[in-house]
Amino acid sequence: MPTLKSDDFWKPVVTTRQILRGEDAILCVHLDQEGDWEALGSDDFSDDDLDVCSIEELLSLDPTLCLLPELQPGQVATRDEPGAPWEV
């Protein structure tokens, strides 16, 4: 089962510009059926806010993502706030 820290560090992750600018925290991580990652926050966003970064960049923005549990394709992990435990 993949985790962010065990996947290819150069693999792209869909996220938002707010997260990349440090304006929002990552509170939801999704591994879709194709094995692609999404990392989203609490803020409302539009399609125009979506952006892509590498797993390496995402982990440098939020090292606590290394604590994510292993996810099966299609599963989502969420937390209430940064530093809170992840729930699948």
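## About the model

The model is predicted, so local features need pLDDT of at least 70 and side-chain atom pairs count only at pLDDT 80 or more, while totals for chains, interfaces and linings use all residues. Residues are numbered from 1 along each chain as its sequence is written, and side-chain values use heavy atoms, with hydrogens and water left out.

## Overall build

Let's start with the fold. The chain has two helices and five strands, and they come along the sequence in the pattern β-α-β-β-β-α-β. Helices (H or I, at least four residues) and strands (E, at least two) are DSSP runs, numbered from the N terminus.

The C-alpha atoms fill a box of roughly 30 × 25 × 20 Å, taken along the principal axes. The radius of gyration is 12 Å, which agrees with the value near 12 Å for a compact globule of 88 residues. That radius is taken over C-alpha atoms, and the globule rule is 2.2 Å times the number of residues to the power 0.38.

Of the 88 residues, 38% are buried. Here buried means under 20% relative accessible area, exposed means over 50%, and partly exposed lies in between (1.4 Å probe, protein chains only). Among contacts (heavy atoms within 4.5 Å) between residues at least 6 apart in sequence, 66% join residues at least 24 apart.

## Salt bridges

How many salt bridges does the structure hold? There are three, each a side-chain nitrogen of Lys or Arg within 4 Å of a carboxyl oxygen of Asp or Glu.

One of them joins Asp51 and Arg17, at 3.9 Å from N to O. Asp51 sits in strand β4 (residues 50–54) and Arg17 in helix α1 (residues 17–20), so this bridge ties together parts that are 34 residues apart in sequence. Asp51 is partly exposed at 28% relative accessibility, and Arg17 is partly exposed too, at 34%.

Another pairs Asp62 with Arg79, at 2.6 Å from N to O. This pair links distant parts of the chain, 17 residues apart: Asp62 is in the loop between α2 (55–61) and β5 (76–78), and Arg79 is in the segment after β5. Are these two residues buried or exposed? Asp62 is buried at 12% relative accessibility, and Arg79 is buried at 5%.

Glu23 and Arg21 also meet through their side chains in a salt bridge, at 3.0 Å from N to O.
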